[in-house]
Amino acid sequence: MANQKGPPPAPLHPHVAKKLLDLLSTDDDFRDLFKRDAHAALVQAGYVPPHGSDPTQASALSGGACMQLSPSDELASKEAIAQDRAKLERSLAMIQGFEPLAGLKG
C-alpha cells in the first residue's frame, strides 16, 4: 500500500465501513474501482467529507489515500474479506493505516 504523509484519516462511519466490506466481498466491479481509486470507492460506499473540508484533501480525509493499493498490491479475496469481516470492521472504525485489506491472504 502506498505510504502517505500527513494526519491519519478519521475513522469510517460504521455504515460506510459495513457497505465498503459488503461491496468488497461481493462486487467485482466495485473491487476493480477500489483497486484503481480507493477514495472514489469510499464515496460510492457512502463516505461524505466533513462539512467545510478542503476538497483538495478529500482522499486523505476519507482514508482513500492510505487505502490506495499500489499496482503491485493484491486485494484480499472476497472470501478472505468475508471471513475476517468483524476484525476488518473494528479496524476501519479506528484511526489507523487500514492495512488489513491488502494484508489478508486469499
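This is a predicted model: local features need pLDDT of at least 70, side-chain atom pairs count only at pLDDT 80 or more; totals for chains, interfaces and linings use all residues.
**Stop 1**

Two packed helices are described by the angle between their axes and the distance between the axes.

On α1, pick Leu 20, Leu 23 and Leu 24; on α2, pick Phe 30, Arg 31 and Phe 34. What classes of residue make up the contact of α1 with α2? There are 5 nonpolar residues and 1 charged residue, with no polar ones.

**Stop 2: α1 and α7**

Keep α1 on screen and select residues 85-92, which form helix α7. The axes of α1 and α7 come within 9 Å and cross at roughly 140°. That angle makes α1 oblique to α7, and the crossing is right-handed.

For this contact, display Ala 17, Lys 18, Leu 20, Leu 21 and Asp 22 on α1. Their partners on α7 are Arg 85, Leu 88, Glu 89 and Leu 92. Sorted by class, the contact of α1 with α7 has 5 nonpolar and 4 charged residues, and no polar ones.

**Stop 3: His 13**

Next, click on His 13, in the segment before α1. Is His 13 buried, partly exposed or exposed? Its relative accessibility is 46%, so His 13 counts as partly exposed. Look at its side chain: one of the polar atoms there lies 3.0 Å from the backbone nitrogen of His 15.

Along the sequence, His 13 and Gly 46 are 33 residues apart, while in space their C-alpha atoms are 9.1 Å apart.

**Stop 4: Gln 68**

Finish in the loop between α5 (64-67) and α6 (78-83), where you will find Gln 68. Its relative accessible area is 18%, and buried means under 20%, so Gln 68 is buried.

Which backbone oxygen lies 2.8 Å from a polar atom of the Gln 68 side chain? Select Lys 35 to see the atom in question, its backbone oxygen. Then select Arg 36, whose backbone oxygen lies 3.5 Å from a polar atom of the Gln 68 side chain.

Note on methods: Residues are numbered from 1 along each chain as its sequence is written. Side-chain values use heavy atoms; hydrogens and water are left out. Contact means heavy atoms within 4.5 Å. Helices (H or I, at least four residues) and strands (E, at least two) are DSSP runs, numbered from the N terminus. Ala, Val, Leu, Ile, Met, Phe, Trp, Tyr, Cys and Pro count as nonpolar, Asp, Glu, Lys and Arg as charged, and the others, Gly among them, as polar. Buried means under 20% relative accessible area, exposed over 50%, partly exposed in between (1.4 Å probe, protein chains only). A polar contact is a pair of N or O atoms within 3.5 Å; within protein, one must be able to donate a hydrogen and the other to accept it, and residues adjacent in sequence count only if both atoms are side-chain atoms. Axes are lines fitted to C-alpha atoms, for helices over the stretch in contact, and angles run from 0 to 180 degrees between N-to-C directions. Angles under 35 degrees count as roughly parallel, over 145 as roughly antiparallel, 65 to 115 as roughly perpendicular and the rest as oblique. A crossing is left-handed if the near helix is turned anticlockwise from the far one by less than a right angle, and right-handed if clockwise.
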